[in-house]
Each structure stands twice: as structure tokens, then as C-alpha cells.
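Biologist: Hi, could you walk me through this model?
Modeller: Happy to, here it comes.
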Amino acid sequence: MFVLLICCAAGMVQAQTTLGSEPAEDNPWFSFYMIEKSAKNQAEVSKTFSLKEPDAVKKIDTSLAYAYPKLAVMRPGGIIATEPDKRYAMIYRKMAWYAANGQVVSAQILFYTAVRLKMADQNKGVTLDLPYLTLHHFIYNSICVDTMHNSEYDKTVCKAVQTAATRAQGELRNEKLRQYLNWATLGLGFDDKIAYEAGVSLMERENPTRNEKDTIKSILKPLLKKNAG
């Protein structure tokens with residue numbers, strides 16, 4: 001498990017998420033940075049986003065208000081739109097932008113930064129707030145555990161992704177390779193090129209052995225075939 005570092009100052013937040021200065025892998029902002037970097041490298045993907053960030057925030061906040069009416073009363077201006085902490089506001093808004101434009105895997109990976117920051121807050125004795133817990137539940141349930149995945153297509157994709165995760169757990173000893181392969185398989189399964197490319201790029205940086213490369217190719221093959229079809 002990564003060591004948790006605490007990033008509190010607003011200036012530090014800006015510095016660590018600037019694409020010119022990559023955070024260390026044990027930094028909570030690392031996953032946020034890598035998705036943003038991949039999005040920049042896959043500019044043709046983000047150009048197709050139909051919703052701008054303010055509209056995306058409004059859309060996700062509307063969905064949250066319907067799903068969690070009691071929480072909506074607490075934050076009538078929107079759970080995301082009225083987040084007071086600058087760190088989480090930035091993460092939540094970007095997460096909403098990706099999620100509202102169909103890039104749910106990237107949104108979940110972005111949210112991992114919020115998870116790690118909240119864990120660091122907890123270690124300091126800060127209680128988890130209800131809006132964060134709600135968003136955690138919302139974004140987690142957007143991938144393969146939500147009852148909305150009712151179609152045969154979604155069931156097939158989820159099964160393929162879960163099979164890939166099981167194989168990775170059993171056949172790869174390198175924990176980082178398993179994590180980044182998970183990004184790639186989810187990205188392939190849910191047509192999220194940004195998450196897929198980020199996962200592939202990070203796996204390459206791990207300099208996998210020939211056997212590890214063969215295993216990764218074998219695990220990705222069924223999902224690559226699905227996309228080719």
C-alpha cells in the first residue's frame with residue numbers, strides 16, 4: 001500500500017497537479033496527475049466531450065440530488081458545486097466532468113485521490129463527511145457493481161473485466177502492474193481510452209519482464225477483441 005502524504009495548502013495542491021511536475025507514486029495526487037496527463041495526450045478524446053465542466057457538475061449534482069434527497073437538503077446548491085474544501089472541490093468537479101462525458105473509469109481513478117486524502121485526514125482525527133461518503137458510494141457503484149448494468153452487453157463486459165482482475169491477481173506478483181492493468185482493463189471494457197492509455201503507460205514504466213508482458217497481453221486479449229469487434 002502506498003504511503004499516504006498529506007497535501008493541505010492550496011498552493012501545494014496547484015503545484016502537485018500541474019502537468020510540469022509529476023508527483024511521486026506515494027503521493028495522493030499521483031493518480032489525479034496521471035489521468036490528467038493521459039487526457040492531455042489523448043486530446044482528441046476530450047475534444048469529443050459534449051458537456052463542459054459547469055454543465056457536467058450540474059448534471060452529476062442533479063443525479064445525486066435524486067439519489068440522495070436528504071443530502072440534497074443539506075447542500076441545496078449542489079453536493080459538488082458547493083464543496084468548501086478547495087482540494088476536494090477540484091477533484092469532484094473534474095470527476096464530474098469525466099463521468100458526465102462517459103469516462104467513468106477515469107472518474108473513479110481521479111476520485112482515488114480524494115480517497116487517499118480523506119484517509120490522511122482520518123489519520124489526523126478528522127471524521128469523514130457525508131458528502132464524501134455519498135460520492136464514494138456513487139462513483140464506486142458506477143462500475144460493475146451497479147444494478148444499472150442490466151443489459152447483456154454490460155454483463156458481458158463486467159464478466160470480462162472481473163475475469164481479467166482475477167487472472168491478474170493470480171498471475172502477476174508485481175502489485176503496481178496489477179493496479180495499472182486494472183486501469184487498462186476497465187478502460188477497455190468501458191470505452192475509456194484515457195484510463196486505458198494511462199494504465200498502459202504506467203505498466204510500461206514498470207519495465208515488466210518478458211513473462212509479465214506475455215501475461216499482460218494474454219489478460220488484455222479478450223477485451224481488445226471486444227473493442228475490435
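Modeller: One term before we start: buried means under 20% relative accessible area, exposed over 50%, and partly exposed in between (1.4 Å probe, protein chains only). This is a predicted model, where local features need pLDDT of at least 70, side-chain atom pairs count only at pLDDT 80 or more, and totals for chains, interfaces and linings use all residues. Residues are numbered from 1 along each chain as its sequence is written, and side-chain values use heavy atoms, leaving out hydrogens and water.
Biologist: Great! Which residues of α4 are buried?
Modeller: A56, V57, I60, D61 and L64. They cover an arc of only 130° around the axis, so they sit on the same side of α4. That arc is taken from the directions from the helix axis to the C-beta atoms. Helices here are DSSP runs (H or I, at least four residues), numbered from the N terminus.
Biologist: And what is exposed on the other side of α4?
Modeller: There you find P54, K58 and Y66.
Biologist: What do the buried residues of α4 pack against?
Modeller: They pack against α6 (86-100) and α8 (130-140), with contact meaning heavy atoms within 4.5 Å.
Biologist: New topic: where is D191?
Modeller: D191 is in the loop between α10 (175-189) and α11 (193-205). It has a positive phi of about 50°, although it is not a glycine.

Conventions:
Helices (H or I, at least four residues) and strands (E, at least two) are DSSP runs, numbered from the N terminus.
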